[in-house]
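Student: Hi! Could you walk me through this one? I'd like to look at it piece by piece.

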Amino acid sequence: MMLWRDKANLWTLILPPTVWALHFLFCYVATAVICAKGGYMAGLRLSVGIATVLALALILASGVQAHRHWGFGSDMPPHDQATDEDRQRFLGLATLLVCALSFVSVIFVALPPFLVADCR
Amino acid sequence: MSPKAAAPKAPASDARRRKGQEDRLRAVWENATGWRYFSNCNNQVVGLWYTGASFFFFLFAGVLALIMRTQLAVPDNNLVSADFYNQLYTLHGTVMMFLFAVPIFEAVAILILPQMLAARDLPFPRLSAFGFWCFIIGGVFVAGSIFFHAAPSSGWFMYPPLATDPKLSGIGADIWLLGLSFIEIASIAAAVELIVGVLKCRAPGMRINMMPLYCWYVLIVGGMILFAFPPLIAGDILFEMQRLFDWPFFDPTRGGDPVLWQHLFWIFGHPEVYIIFLPSIALLAMIVPTFAQRPILGYGWIVLAAVGTGFLSFGLWAHHMFTIGLPAISLGFFSAASEAVAIPTGVQIFVFVATLLAGRVVFSIPMLFATGALAIFVFGGLTGVMVALAPFDWQAHDSYFIVAHLHYTLIGGMFFPLVAGVYYFYPFVMGKMLSGRLGRWAFWLMFSGFNIAFLPMHITGLRGMPRRVFTYPEGLGWDVLNLVSTLGAFTMAAGVLVFVFDVLRPKGKAPAAPRNPWKAGTLEWVAGDPSEPWGIRSVPPITSRYPLWDQKDIVQHIDEGRYYLPDAQEMKRETLVTDVLDAVPLQVLRVSGNSFKPMIAAFLIGGSFIAATFHWWIVGLISGVLGIAAIMVWLWTGTAQIPEKPAKDAGMGLELPLYASGSASVGWWAMFITMVGDGTAFASLIFGYFFFWTIHADFPPAHAMGPGLIYPLSAAAISFAAWALMLVARRANNAGRTGALRLALAASIVLALGGGALLLLGPWMTGLEPTRHVYDAIVWVLVIWAALHNAVGVLMQGYCLAGSFAGRLTTEHDIDLLNVVLYWHFAAITAVVTALVIALFPLAA
């Protein structure tokens with residue numbers, strides 16, 4: 001599993017944006033299918049809503065883990081020492097930043113079904 | 001292990017030993033000269049060819065642009081015909097994107113990345129050479145077509161139905177499709193090389209938090225190529241099947257849809273913009289700290305920006321399709337993602353500005369181009385935020401506003417940083433400095449010329465001038481603006497000429513550039529004399545992001561050969577392999593030397609693509625089969641060689657193995673990365689299947705009786721069994737049971753062939769005709785794709801079997817077998833998913 005790990009690595013770094021990508025893909029596919037097959041808006045909103053909550057929860061969990069890897073901010077950047085600790089803290093901080101971006105972007109992408117009235 | 005910075009003291013008396021080491025290294029790494037010059041497989045030489053060739057294509061496409069601007073200078077001009085004008089803009093866009101912008105990233109990376117990592121070479125030098133030859137063959141083929149009045153003329157994104165109609169688009173579209181498919185292979189080859197290089201070939205101690213930022217960008221962009229290019233390859237396959245065999249993927253009268261091509265093209269096309277942009281920004285990330293004379297501020301923020309942009313750029317593709325009538329909600333997703341990507345892009349700019357503010361800036365020519373780049377790019381980024389809004393885009397779409405926007409982003413985001421990079425790295429590559437005086441002339445001519453040319457285009461576009469028109473009547477308010485644009489274009493061209501002159505002029509009398517002329521902190525500047533072929537004299541352990549600033553006497557100790565790999569006792573080319581996170585040394589990798597084989601393989605494979613363009617099927621088949629044979633010979637004679645001893649002294653008292661297999665070997669990673677790209681192409685074809693389902697009320701259509709259940713499902717079961725036997729083979733080999741290994745391989749070959757045949761039999765026996773309806777065609781394409789994967793798998797199994805009989809494949813030396821098992825994981829997934837989709841989905845639909 002990528003969550004609840006002691007050691008940060010490149011996979012934990014790309015987990016949050018991967019969640020963003022899957023959420024994006026889901027929203028796009030759900031809209032394409034529902035709008036092509038009848039345009040049932042309530043169903044679309046519900047499925048996008050559930051997917052968004054799930055995605056945000058995963059990113060949040062990933063962010064909590066990254067915050068821990070970063071050492072809860074006890075040590076400030078640049079994390080450029082040749083030590084295991086600085087490598088871990090750097091990855092934690094970078095992942096935390098990526099989490100923030102992914103979180104905001106998921107919310108961005110989730111908005112259209114709630115702002116647009118129908119499938120036209 | 002934590003590498004120590006202090007090198008062991010060498011006694012002063014061993015100058016002679018040092019000389020011996022240098023002689024051996026020089027002999028081993030010496031570049032081929034004379035008639036064998038083109039057999040060179042070394043990053044320094046191949047990188048230079050690659051850079052030169054892609055820059056030549058830039059100049060070529062620039063001339064095409066100047067012809068266009070001359071045509072548009074005045075209304076109702078008749079310098080060129082409408083048809084020739086179509087060829088000009090199509091080729092201009094195609095060449096700039098496919099033959100300049102992407103390849104030059106690969107070229108520059110191949111040239112400088114090994115030095116930056118203190119690696120002697122990248123792990124697969126022959127693959128780099130193969131990629132270069134593919135690129136040059138495809139490139140000359142595509143670009144040369146205009147001299148025969150046969151260039152593609154449907155725009156660089158080749159929209160059907162215009163481009164699928166052989167009468168309207170001529171042979172140019174085939175040249176585009178086949179020539180560029182071939183170049184896409186080169187791009188994926190480069191991605192494999194660069195990703196493995198960054199992950200596995202760093203200097204000892206260069207941990208992931210200490211890599212030069214350039215490496216981060218290369219890593220991200222390599223990953224993007226793996227997910228961006230394969231959809232285009234899938235699209236090219238569908239497109240070419242329609243043109244060559246009339247399979248109706250994009251023909252609405254038989255169930256197809258031109259919009260599918262737009263999706264596949266832009267799933268590639270938009271990330272591609274960032275594939276071009278990020279490596280150039282990466283050059284700025286190296287240049288800015290050097291001229292600010294301080295470490296970059298916000299290293300982690302740059303990593304955020306690179307990772308974030310890499311991902312978000314895949315959610316933008318439909319913003320090129322805002323006007324085709326997608327549901328407004330779908331437009332909203334792409335609009336939202338297009339706005340979101342401005343966040344990481346902005347972060348990078350702010351990091352650069354902050355670093356410059358915090359440092360003591362030394363102004364010089366590279367900095368001049370870097371600041372010019374930022375100014376232009378920010379402007380282009382802002383119009384990007386505008387056109388990311390669908391309602392605005394509906395007004396500006398396909399007008400000169402878009403032409404202006406995209407040139408601001410690409411020239412600001414890619415071209416100017418690249419020129420900055422050329423000025424910056426020129427002394428490192430050529431050993432001489434470029435002229436400061438000419439540099440200032442070049443910059444001001446280019447910068448002013450660019451803005452004079454493209455700034456007015458925003459207004460021309462808002463006044464309604466559509467892109468791609470070969471002329472216009474007077475009196476529409478476009479006359480003066482167009483004339484100004486043309487003058488600007490020629491001014492910019494003059495700047496480019498000054499720059500080219502400066503690069504090419506003989507500098508025989510000019511003094512040699514000092515070592516590290518800009519006082520940079522990263523390792524590429526260790527290389528003092530470009531005529532030494534070995535890259536770096538000895539590989540230092542790293543303890544800083546800027547070793548040349550922070551590690552005392554490092555250069556002297558490197559030169560004295562005090563660090564790793566100071567020698568080539570066995571007269572073999574070697575480089576270090578280290579682990580992904582902490583760069584702990586793991587292996588001494590023997591890399592292959594100069595050879596004509598990659599070039600021969602590229603020409604033969606290229607021949608089959610070119611023959612297919614002209615429908616010379618027999619010639620194409622022969623050339624393709626010979627090409628595959630050439631690759632087999634290349635692999636057999638050059639890869640996974642068994643070393644003469646299991647381990648060797650790597651220097652600094654460290655004994656390292658010479659052989660590693662499975663996930664410890666670079667070849668395994670290369671296979672994994674390649675297959676991720678392959679899987680993406682497969683996913684794109686599956687996407688096509690479901691796309692057609694969404695646009696049809698009845699899918700499969702009433703007439704289609706296939707492919708049934710029996711053939712696909714038994715194909716899935718048998719292909720699965722072939723995969724399971726590969727696991728048995730691996731286990732038998734581990735246990736040293738050679739007989740069982742051979743038996744399992746042979747049985748797996750039979751099953752794989754059977755599975756492939758059953759896949760093809762499904763649509764065949766149930767009478768699906770690929771020219772009748774798109775359903776039939778997409779099923780056929782899927783089964784052919786999966787069956788081909790089984791066939792390639794059989795080739796690999798045969799290779800392992802031969803290896804076992806030849807004594808190359810043993811319990812200890814099992815690189816080939818483990819890589820083939822890895823391949824089969826992917827091949828089995830492909831076969832099983834294909835079979836399940838085509839057999840079961842019709843029941844559900």
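**Contacts, core and domains**

Student: Leaving aside its neighbours within four places in sequence, which residues is B:Ala420 in contact with?
Tutor: Setting those neighbours aside, B:Ala420 is in contact with B:Leu283, B:Leu284, B:Ile287, B:Pro366, B:Phe369, B:Ala370 and B:Ala373. Contact is when the C-beta atoms of two residues, placed from the backbone, lie within 7 Å. Keep in mind that this is a predicted model, where local features need pLDDT of at least 70, side-chain atom pairs count only at pLDDT 80 or more, and totals for chains, interfaces and linings use all residues. Residues are numbered from 1 along each chain as its sequence is written, while chains are lettered from A and ligands numbered from 1 in the order in which they are written.

Student: Which residues touch the most other members of the largest nonpolar core?
Tutor: B:Ala420 is one of them, together with B:Tyr217, B:Val218, B:Ile302 and B:Ala337, in a core of 339 residues. Helix α8 (residues 258–292) of chain B gives the most to this core, 23 residues. A nonpolar core joins buried Ala, Val, Leu, Ile, Met, Phe, Trp, Tyr and Cys residues through C-beta atoms within 7 Å.

Student: And why does this core lie between the two domains of chain B?
Tutor: Because domain 1 (45–504) and domain 2 (681–844) of chain B both give residues to it. The domain bounds come from an automatic or database domain assignment.

Student: How many Å separate the centres of domain 1 and domain 2 of chain B?
Tutor: Taken over C-alpha atoms, those centres are separated by 37 Å.

Student: New topic: what about the chains, how many residues of chain B are in contact with chain A?
Tutor: 36 residues of chain B are in contact with 40 residues of chain A. On the chain B side, α9 (299–312), α10 (328–340), α11 (342–358) and α21 (666–695) each supply at least two residues.

Student: Is B:Asp814 buried or exposed?
Tutor: B:Asp814 is buried, because it has 24 other C-beta atoms within 10 Å. The cut-offs are 20 or more for buried, 12 or fewer for exposed and partly exposed in between, with C-beta atoms placed from the backbone. B:Asp814 sits in the loop between α24 (774–806) and α25 (815–844) of chain B.

Student: Which residues is B:Asp814 in contact with, leaving aside its neighbours within four places in sequence?
Tutor: B:Ser661, B:Asn733 and B:Leu809. B:Ser661 is 153 residues apart from B:Asp814 along the chain, yet their C-alpha atoms are separated by 6.3 Å.

Student: Last one: how many residues of strand β1 of chain B are buried?
Tutor: Five of the five residues in β1 (residues 574–578) of chain B are buried. B:Glu574, B:Leu576 and B:Thr578 point one way, and B:Thr575 and B:Val577 the other way. Strands (E, at least two residues) and helices (H or I, at least four) are DSSP runs, numbered from the N terminus.

Student: Which strand do the bridges join β1(B) to?
Tutor: Five bridges join β1(B) to β2 (residues 585–590) of chain B, and the two run antiparallel. Strands pair if DSSP finds at least two bridges between them. B:Glu574 stands opposite B:Arg590 in β2(B). The two strands form a hairpin with six residues between them, and B:Ala583 in the turn has a positive phi of about 55°.
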